[in-house]
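Take a look at the protein below. We will walk through its helices and its sheet, one step at a time.

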Amino acid sequence: MQKTDSNPRLIVLDTETTGLSPQDGHRVIEIGCVELVNRRLTGKRFHVYINPDRVIDDGAIAVHGITNQFLIDKPRFNEIADEFVAFITGAELVIHNAPFDVGFINHEFAKLKQGVVTEYTTVFDTLAYARKKHPGQRNSLDALCKRYNIDNSHRELHGALLDAEILAEVFLLMTGGQISLLDEPRADDNATSQQHTVKHLAVDRPALAVIRCNEQELQEHQQRLEAIQKASGQCVWIS
C-alpha cells in the first residue's frame, strides 16, 4: 500500500461489516465513498447497503446499528461490484486502518474472481500515517477529529458514508492543511477532474489596508500556536 502524490483523484472509503474477520465468514454490508479531486470534495459519492446472506454479530450491530431486517431487500455484493470497481479504478483509496477494509473487499472480490483492490487502485492508510505523525498518541478517527478540531458530535453510531466524509476532512488537514484559495470547486455530471485558473488582479486596483493586530491578539495567537504544538508535537509556525 502506498501513496501516489501525483494522483489528483482520491476516493475516501469506509465499510461496515457483519463482524471482525472475513476468515470467519463475515461480509461487507455497507460501503461509503466520497471523491476528492485536487484535494477538493467534488460532491460525487458511492454509497450502498449490501445483503450479506448471513447473520450480523450482535457486537457489530451495537457499533453501526445496521440490522439483519434492514438488509433483507438490499442488493448482494455481486450486484454492485461492477459499479464499485468503476468508481474506484484509477484513483487512490484513502482508508483509516486500510488492511481491515481492503481485506474485506478482497474477500468479496475473491468470491467473484475479480482480483484484488490493488489491481484497480493504490491505497493510502491514514492510520499508519497518523501513527508516524503523532507517535505514542491515540490515532482513532475520533481522536484525530478532536486533535484537528473537527466536529463529529453527530456521529452517535458508525456509518460508512458519514465516516468517509469525516475522514476526508481529517485527511486534508493531516496531510496538507490549507488547500487552494484560487477559486471555487466546479464539477459536472460527466467530469472526473477539475480545472483551476489563476484570477489576476487589475494593476490599478486600490491598495489594501493593513490592519495590524494588537498586543492581546498577539498573545492569543501565541497561545494558539502553543496549543497546536502540544496537541500534535509539531507546529511549523513556531520557530
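Helix α2 passes helix α3 in a left-handed crossing. This is a predicted model, so treat each value here as computed from a prediction. Helix α2 covers residues 77–88, and α3 covers residues 98–112. Their axes come within 11 Å and cross at roughly 110°. The two helices are therefore roughly perpendicular to each other. Which residues meet where they cross? From α2 come Phe-77, Asn-78, Ala-81, Phe-84 and Val-85. From α3 come Ile-105, Glu-108, Phe-109 and Leu-112.

Now turn to the sheet. The sheet is open and has five strands. Read across it and the order is β3-β2-β1-β4-β5. The pairing is mixed. Strands of a sheet pair through backbone hydrogen bonds, either parallel or antiparallel. Which strands stand at the edges? They are β3, residues 40–49, and β5, residues 122–125. Each has a single partner strand, so one side of each is left without a neighbour in the sheet. From one strand to the next, the twist averages 25°.

Follow the pairing strand by strand. Strands β1 and β2 run antiparallel and are joined by nine bridges. In this pair, Arg-9 stands opposite Val-37 of β2. On to the next pair: β1 and β4 are parallel, with three bridges between them. Here Ile-11 stands opposite Leu-93 of β4, and Val-12 has Val-94 of β4 as its bridge partner. Strand β4, residues 92–95, also pairs with β5 in the parallel sense, over four bridges. Leu-93 stands opposite Val-123 in β5. Val-94 has Phe-124 of β5 as its bridge partner.

Helix α2 lies across β1, β2, β3 and β4. It runs at about 165° to β3. Helix α6, residues 160–175, lies across β1, β2, β3, β4 and β5. It runs at about 35° to β2.

How many residues of β1 are buried? The count is nine of its nine residues. Both faces of β1 are covered. On one side sit Arg-9, Ile-11, Leu-13, Thr-15 and Thr-17. On the other sit Leu-10, Val-12, Asp-14 and Glu-16. Strand β4 is covered on both faces too. Its buried residues are Glu-92 and Val-94 on one side, with Leu-93 and Ile-95 on the other.

Look again at Arg-9, which lies in strand β1. Why does Arg-9 count as buried? Its relative accessibility is 13%, and the cut-off for buried is under 20%. The side chain of Arg-9 also makes a polar contact with the side chain of Glu-35, at 2.6 Å.

Finish at the loop between α2 and β4, where Gly-90 sits. What does Gly-90 contact, leaving aside its neighbours within four places in sequence? The residues are Asn-7 and Tyr-120. Gly-90 and Thr-122 are 32 residues apart in sequence. In space they are 8.1 Å apart, C-alpha to C-alpha.

Conventions
Residues numbered from 1 in each chain as written. Predicted model: local features only at pLDDT ≥ 70, side-chain atom pairs only at ≥ 80, totals over all residues. Heavy atoms only, no water. Pairing = 2+ DSSP bridges. Axes fitted to C-alpha atoms, helices over the stretch in contact; angles between N-to-C directions. Contact = heavy atoms within 4.5 Å. Buried < 20%, exposed > 50% of the residue type's maximum accessible area, 1.4 Å probe, protein only. Polar contact = N/O pair within 3.5 Å; in protein donor to acceptor, adjacent residues only side chain to side chain. Parallel < 35°, antiparallel > 145°, perpendicular 65-115°, else oblique. Left-handed = near helix turned anticlockwise from the far one by under 90°.
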